[in-house]
Each structure stands twice: as structure tokens, then as C-alpha cells.
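Hello, and welcome to this structure. Here are a few notes to read with the model open beside you.

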Amino acid sequence: MRLRDLVQADHLALKVLTGHDLLDRPVRGVSTTDLIEPGRFVKPGELVLTELTWHTGPDSARAFVAGLGDVAALVSGTALKGVPLDLVEACAEAGLPLLTLPVDVPFSQVTEHVLRALIAELGAPPARRYGSRRRLASTLVDGGSLTKLVTAVADELDLGCWVLSPTGRVIVGSRPLAPEAGVRLAGTFLTSRFLPSMAEGWSVFPIGKGAPHRIATWFLAYEGSPGEHEDLLVELAALVALERSRLEAAHRIERRILDQLLDMLESGDASLPSVVSRLHTLHVETGDGLLAVALTAGPPEVGVAVLDELLRPLAPGVVTASGGQAIALVPLAGNSAEDLAEHLLRGARVLEAGLGEERITLGLSSVAKGPAALSGMIEEARQARSLAELGGDRVSLVSGDEVASHRALVAAIPPDLRRSFRARLLGPLEDYDAAQHTDLVETLEAYLEESGNWAAMAERLHVHVNTLRYRIKRVEELTGRSLSSWDERVDFVLALRMR
């Protein structure tokens, strides 16, 4: 097919901004990318679709266009509510046709139109590869689901085949797969130096060539070695990637609405009716409680994909990128905040194997029952994530409750200062315990947690009250501190929390 065919498709309503004299260019494929350096992920002759989320000014426009190489054309979405003039100029200078879509036409509609046209041009060639490709593509564009697509391949090759997320969640499969098997396959996918890769008789294969990081990428898993049936599996992966882009079209619309809501909240112009209206449009219910989640996991587009994945299937929310991090509004829908935190951590720890030099830091707000507290919830989630970043773990989560506790202050203290403070108060006790095989530190902790209740301490530690009195006196002697002083008790509590 040619660009002119696309422009003449009334249902797409494409508008040509540059390259009016280049509409006879052939289109040999289609891909979607929002990476500032797209060159590795696009092929010559492809129609490239972008939402412009990479755009930060004229320099980014020139770099993006230069990275496209010999693609057929660029199609701009409306994430920026209009095509920047510097992008139009960069495309004109490079001799690259630039087209734009109306806001109500999703990328998936363009992808499907191109795919149908390419299938029609394939006809019915004798080679098995192209015949298989045509059958698979026809299954997809004729209303078939991902399940039908994967099942068709599994039946043809007589092997088990699954599409999985990087946390090991089964998207679709030719038959059931145990959750622990999905996690093991995700580990293979995330840690293998080269892909496709094989472990324990299973092969894993990435889906989509434009994904910026494995932790944001779906993958194929199938029985057998990577070299077997490679042509057909490559075609399957490409078609699943196209279908994923179609499924994500609705998410892009949701993100635009959430972006508008966040802009209103940040500017202080958000009235309660306007907030309620947008929450209703996003199908975000507040009756069972609502909280905000903030996450970083490398570049913002990776964070959005990761947070969207981590929230599923327990509590799918609306996710967007804001201020260099991913932000989600999550209706609890019968779950508790503790359930959600545990669910997020469990998925993030699977992804930890593929983080490389990155970290996953998560912040959860307190639970609110209505939309009036939305601005405060989002800010609390951001602050909680900032506190999580102060920790040294590869995966770290801080909740809103912790933001309002002494733990937040402790986390904000530089590590060297924390170690010094702890050593000054607890060092003499730890040294004494090590030399005399005593339990002064444990006794001190019990004393503070039981508020000096001797009977409760004796029951907890299974030690006579007189022994406990002797130990506490020894603590005071070794540290030079009096536990009858409230200020001294606070210092000891903080030192114990810094251990």
C-alpha cells in the first residue's frame, strides 16, 4: 500500500502536514514508539505512530526525526493537544511526510487498516511462512481474540504457548499455567543475556521491538528450543504486539483525562464538580476508598507500564506519567490498603531480577473516601515515594501512614549520621552483650515497648522482675542515660529504629 491510500481512507481522517509530494511512498509495515531514540526499533518503509510524549522542544524533535531513518512517514497523535511547530519544521527539512490523527481516532484503527491492506497484498503465496502469517493476521483482524491467535499457533505446532507479562502473569495461553511456573519463566526472560532463551525445556521470546525495557515488555513462552518454528513465532510475536497496541488505545485516552485532572489539581483551579466529573469519566469509584500510588522505575514511560502491570489484576487503576514518575488513582473496590501494598511488592520483587542499574520505588497515600482529598492524596503518595527512594533496597515501598510517623524522619537522615547516632547510644550495650553474653539491648527494647511495665516485660522475656530491674540499671550505667527521662527514652527509641 501507499501513503496516498491511507490519506484517502475517510474513516482515518489523516491530515498531511509535510510531504504532500511524497504520498506515493510505499508502506511496508507499522510500528508505535515514544522513545527519543527510535532508530533501533523501527524499520525502513514503516509507518511510525507516536503520541509525542518524548517531545521536550526543538532539539528533541530534530533528534527524533533523525533517528527514524528511512521510514515511510510519521503519524502524530494528540498527547500534546497539537503538533509542535518544531516537529513540523524538522520533518520538512528531513523530507519526511508528517501526518496527524484526530483525537477520536486511536492508533489501533490505523494499525488495523495498514495490516488489512498488507494482508490483501500478500495474497496466497506458496511458502508456508507467509501462508501462516496470512492465516494468523486474518484471525486477528477478523475479530479473533489473542486467545484464538495463540491457540492457532499452539495447534499448528503442537506445543504449549503462552503470552505473559514480565511479572509472570498469564495474558493468554493455549492451556492453564501454574502461577509459580509463570514466575520462573519471567525470571528467565528478565535475566537472560540474549533472547530468545531457553531454560528447563521452555523458550522465551520478547514481544514488540520498541519496548524500552524488559520489565515493561510482554513475552512469549513455549515448549521447545528457540530455533524451532522461529519464523512463525516471530510473526506471532509481531501480531501480539499489534494487538497490545490496540488494547492500549483506550488507556491513552484515560491518561489524557487523568493528565487534565492532575494539571487542574496542580494549578489550584480544580472545583469539586470538575474533579467528580473526570473521576466519573475514568470510572474511578470512591465508595470503597481511593488511594494514590507513585512509582519510579527508570524512564517515566517504563514506570507507567510497570505500575499498570503491578496493579493488575487486584486493583487496576488509571496510570499516567507526571513529574518524572508514574501516578495512579486506585479504587480499593473491597481490598484493603495492606492487600494492595503486599500485591505491589510481590510483583515488584519478581521484576527486581531484571532491573539492572534501576530501582523500583513506590509510595502509597492514605485511603480517602471522597474526591475532595484528591490533591492531598497525590502529594502524600509523591512524598512517600521520595522517602522510599532514601532506602537502599532495590525495591522499596513507603505508605502514607509512615509519612506521618517518626520512620519518615529516620529515613530522611543520611546513613552516616544514622550509624553515628545509633553507635553512640547502643554501641556500649551491644559491646557488653557480645562480651558477657547478655541481652541488654533486647531488655531495653522490651522496656520501651511495654512502657516500663515490669510485669509485662517479665512475661514477654520469661525473666524475673528483679533481673530486669538489674539489667535496666546496667543500661543506664553503661550509656550514662536515665530511662526516667522522656527525652532519653525518645532517643533510645529512635536509635533502636535505626538498627
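A residue is called buried when its relative accessible area is under 20%, exposed when over 50%, and partly exposed in between (1.4 Å probe, protein chains only). This is a predicted model, in which local features need pLDDT of at least 70, side-chain atom pairs count only at pLDDT 80 or more, and totals for chains, interfaces and linings use all residues. Residues are numbered from 1 along each chain as its sequence is written, and side-chain values use heavy atoms, with hydrogens and water left out.

1. Let us start with Leu440, which is buried at a relative accessible area of 3%. It belongs to helix 17 (residues 440–449); helices are DSSP runs of H or I, at least four residues long, numbered from the N terminus. Beyond four places in sequence, Leu440 is in contact (heavy atoms within 4.5 Å) with Leu429, Tyr432, Asp433, Arg471, Arg474, Val475 and Leu478. Between the C-alpha atoms of Leu440 and Pro428 there are 10.0 Å, and in sequence the two are 12 residues apart.

2. Next, please look at helix 10 (residues 272–281), whose buried residues are Ser274, Val275 and Leu279. They lie on the same side of helix 10, because they cover an arc of only 135 degrees around the axis, taken from the directions from the helix axis to the C-beta atoms. The exposed residues Pro273 and His280 sit on the face turned away from that buried side. Just after helix 10, His283 has a positive phi of about 60 degrees.

3. Finally, Thr111 in helix 4 (residues 107–122) is buried, with a relative accessible area of 5%. Setting aside residues up to four places away in sequence, Thr111 touches Val30, Leu49, Leu242 and Ser245.

Definitions and conventions
Helices (H or I, at least four residues) and strands (E, at least two) are DSSP runs, numbered from the N terminus.
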